[in-house]
Amino acid sequence: NFIRVIGVFPPGTYVKLANGEIAIVWKRNADHVMPFVKALFEPSGKPYMGGLTRDCTKAPYKITSAYQPSRKPTLDVSALWQ
């Protein structure tokens, strides 16, 4: 099944977390449906300096929805995967 291979939220997808942060999916979590993400923006919209790793199996970091930014943020995506 395609969903089993890439997940519900494939890497590169922007998502909104339960705590209000905006994040980008960083990698799949092999043991769970929910992936690991890098939080890019505080709930207030202020950007973090670098992405903060979040485990979406934890309640505050659960994905509430996919997120479509009005414009793509300027960021070095390759730095998130290091």
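**Aromatic pair and strand pairing**

A search of the whole structure turns up one aromatic pair. This is a predicted model, where local features need pLDDT of at least 70 and side-chain atom pairs count only at pLDDT 80 or more, while totals for chains, interfaces and linings use all residues. Residues are numbered from 1 along each chain as its sequence is written, and side-chain values use heavy atoms, with hydrogens and water left out.

For the record, rings of Phe, Tyr and Trp (its six-membered ring) pair if their centres lie within 6.5 Å; planes under 30 degrees apart are stacked, over 60 edge-to-face, and the rest tilted. Trp 26 sits in strand 2 (residues 22-27) and Phe 36 in strand 3 (residues 36-41), so the contact ties together parts ten residues apart in sequence. Strands (E, at least two residues) are DSSP runs, numbered from the N terminus.

Trp 26 has 16% relative accessibility and so counts as buried (under 20% relative accessible area, with exposed over 50% and partly exposed in between; 1.4 Å probe, protein chains only). Lys 38 lies over the face of Trp 26, 4.4 Å from the ring centre; for Lys, this label needs NZ within 6 Å of the ring centre and within 35 degrees of the ring normal.

Strand 2 also runs antiparallel to strand 1 (residues 14-17), joined by three bridges; strands pair if DSSP finds at least two bridges between them. Here Tyr 14 has Ile 24 as its bridge partner. The two strands make a hairpin with four residues between them, and Gly 20 in the turn has a positive phi of about 95°.
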